[in-house]
Structure formats: structure tokens, C-alpha cells
Amino acid sequence: MASHRRPKQPSRTRVTVLTATATAAAAVALTSQAAQAAPKQDKKDVKEQVDKLYEEAEQATEKYNGAKEKQQKLEKQVGDLQDKVARGQEDLNKLRNGLGSMATAQYRSGGIDPSVQLLLSSDPDTYLEKASTLSQLSGKQAESLRKIADKQRTLKQQREEASTKLQDLADTRKALGKKKDEIQGKLSKARNLLNTLTAKERAKLAAQDAERANRSSERVDLGNEVPESGRAAAALAAAKTKIGLPYVWGATGPSSFDCSGLTGWAYQQAGVQLPRISQDQANAGTRISRGELKPGDLVLFYGDLHHIGLYAGNGQVLHAPKPGAGVRYESMDNMPFQFGVRV
């Protein structure tokens, strides 16, 4: 007799395992397909993005330098004001002590003048505004009161000024921190982009950049142009000794530089003190056209003047170019030239 039993159904556990296995296999296949479909980032795109990030980092660097210079000036101003307030308070205390001696003498002779009592209070300024009060005092007492009132007003103004400067200093320090974070963020993003390339691709890009910039001074034809002045010649000669040293944002030498740090250091060796940032160095002398340039003149680039170097002759600039590169010669045609400055 034939059996009519139904075929055994697979267990729930077996179904679950089979389903999970199939799902995982499908996910692996889709991931593999997606990886194959994802286009490899083009080296040219990476280079353009990195160059843009470096330029933005340099813009931020000049703003950072400006904020740092402002911070240093504010710190000095605050220190000077606090010293003035301290000295003024000492003078005020001496004036009051002298008045106290006068009051003691009056007390011994029969009583203290009401005006002198006021004088010994913390704020006689309001009372002194009444002309009738001064008429009741002896000449010596009136002069003492005037001196104290003047000193109190001066101290009040100085304290208010110091308070304002301290707030400016706090705001500047905050701006400095933000700008530092911005620079580091852009440089970090640039590094991450470069890390998407192979070591061979990164080396090729570096070689192309070096070739484009004519990094080696031995291969640069500087012509036979003559500097306009001894200062310009000395500054350019000093900068030449730093060829190959690294660009570091915020650095002013002697072992690393940013763009305005190099030009400032070079002219300092020639006995000339330039402002800290490129935008201010642009006003450190007479502006000249490209055709008027002589070796050692300052050369400014980009519309906001965030990059600066030294004209080296024959259309070449000697500068600290960007993160990841050393001080070097480069064709001025590689950047948007604005004008020159003869210091």
C-alpha cells in the first residue's frame, strides 16, 4: 500500500539560515559591484582641490598673522594702562594722606572743615562741581581737592580704557583660535585628499610641482638685472640663503617661513622693519608696475594681496609658496600678479 505522508518541511531554523546566507551573499555582490562602479578619483581633481585648500589656508594664515600682531599690540597697551593706573592710585593715596594730615591738624585746633570731611570721602567729585564749595576752602585745601578730583577722573578714564582693551584682547584671542582651527582643518583636508592617491601618484604630483616651479636655483635664469638699492640687494641675498627651507604657517624664520614671514625676515637683515602681514607690507613703499621691477622689490599676488615674495629678476619670484613646499624660485606667471613695491 502506497504511503500518502506529506514530504517533510524544512525546519524554521534552516530557512532562517538559508535566507541570511542569501542576503549576505547578495550584499557582498552589491558591495563589490558598487566598489567597481565607484569612479576612482582623478589625480587632476585631487591636485586642483589640494591647491585650492592650500591657497585658502594661506589666506587664513595672513589673517591669523594680523590677529596675532593685534594681540601683541593690545597686550602691550593693556600692560601700559595697568601700570599707569597703579602709579595713579599711588599718587592719589599720597594726596589723600596729605589731606588726612591737614584734617588731623584742624581737629586738634577745634574741628574739621565740612569740605575736608568731604575730601576724605571716596568720591568728592560731585561736591567739587559746586563752585560755592571751593570758595569756603583755604587756597591750600582747594588746590588739594582739585588735584584729587583730577586724579580720580584720570584714573576712572584709564580704568575704562583698560577694560575696553581687555575685551578687545579677549575677542582677538578668540578670533586667533578660530583662524588657527580653520588653517589646521584645511591642511588636514588636503592631507586626506593626497592620501587617496598611491605613493607613486603622490611622488609624480610632487615632481610635476617642482618642475613647474623651477625649484632648483641652479636651473633658474635670473638675467642680469641690478637691484635699485643696497637694501633691496641685501634683502634678496638674505632670502637666497633660505632656499629649500619649509613653508610653515605663522613662521617668521629663521628655519621656516610663511610668505610674509620670509619677506619680513629678509628685509630685517637689510636693516628695514616691515609690517607683519602681506597686505600691510603692500604699503611699505612705492607701488610700481611689473615693467618697473628690480631685484629685491616686493611683489604682491591675488586680488586680496594674501601672497607676497621678492622679485628675483627675469620674471622670477623668490618666495615661500605654500604648505608642503620649500622656499624657492618660481615664475611670476604662475600666480595672478597685482603690483610691486619698492621699499
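**Entry 1: a starting point.** Which residue of β6 stands opposite Phe301? I looked this up and found that Phe301 stands opposite Phe337 in β6.

**Entry 2: what I am looking at.** I note that this is a predicted model, in which local features need pLDDT of at least 70 and side-chain atom pairs count only at pLDDT 80 or more, while totals for chains, interfaces and linings use all residues. Residues are numbered from 1 along each chain as its sequence is written, and side-chain values use heavy atoms, with hydrogens and water left out.

**Entry 3: the whole chain.** I find ten helices and six strands in the protein chain; helices (H or I, at least four residues) and strands (E, at least two) are DSSP runs, numbered from the N terminus. Of the 343 residues in the protein chain, 38% are buried, where buried means under 20% relative accessible area, exposed means over 50%, and partly exposed lies in between (1.4 Å probe, protein chains only). I also looked up the contacts, meaning heavy atoms within 4.5 Å: among those between residues at least 6 apart in sequence, 69% join residues at least 24 apart. The protein chain exposes about 19900 Å², and carbon and sulfur atoms supply 50% of that area; accessible areas come from the Shrake-Rupley method with a 1.4 Å probe, and for residues only the protein chains shown count as cover.

**Entry 4: the sheet.** I traced an open sheet of six strands in the order β1-β6-β2-β3-β4-β5, with antiparallel pairing; two strands pair if DSSP finds at least two bridges between them. β1 (286–288) and β5 (328–331) stand at the edges with a single partner strand each, so one side of each is left without a neighbour in the sheet. Neighbouring strands of this sheet are turned by 40 degrees against each other on average, direction ignored; axes are lines fitted to C-alpha atoms, for helices over the stretch in contact, and angles run from 0 to 180 degrees between N-to-C directions.

**Entry 5: β2 and its partners.** Strand β2 (residues 298–301) pairs with strand β3 (residues 307–313) in the antiparallel sense over four bridges.

**Entry 6: β3 and what packs on it.** How many of the seven residues of β3 are buried? I count seven of the seven, so β3 is largely enclosed by the rest of the structure. β3 also pairs with β4 in the antiparallel sense, over three bridges, and Gly313 stands opposite Gln316 in β4. Helix α8 (residues 230–240) lies across β3, β4 (316–319) and β5, running at about 105 degrees to β3. Helix α9 (residues 259–269) packs on the sheet as well, touching β2, β3 and β4, and its direction makes about 50 degrees with that of β3.

**Entry 7: backbone details.** Most residues other than glycine have a negative phi, and most peptide bonds are trans. With that in mind, I checked the turns. β2 and β3 form a hairpin with five residues between them, and Tyr302 in the turn has a positive phi of about 70 degrees, although Tyr302 is not a glycine. Tyr302 is buried, at a relative accessible area of 18%. In the loop between β2 and β3 I also find Leu305, which has a positive phi of about 60 degrees although it is not a glycine, and which counts as buried at 14% relative accessibility. The hairpin of β3 and β4 has two residues between the strands, and there Asn314 takes a positive phi near 55 degrees.

Is the peptide bond from Gly253 to Pro254 cis or trans? I find it to be cis, with omega near 5 degrees, and I place Pro254 in the loop between α8 and α9.
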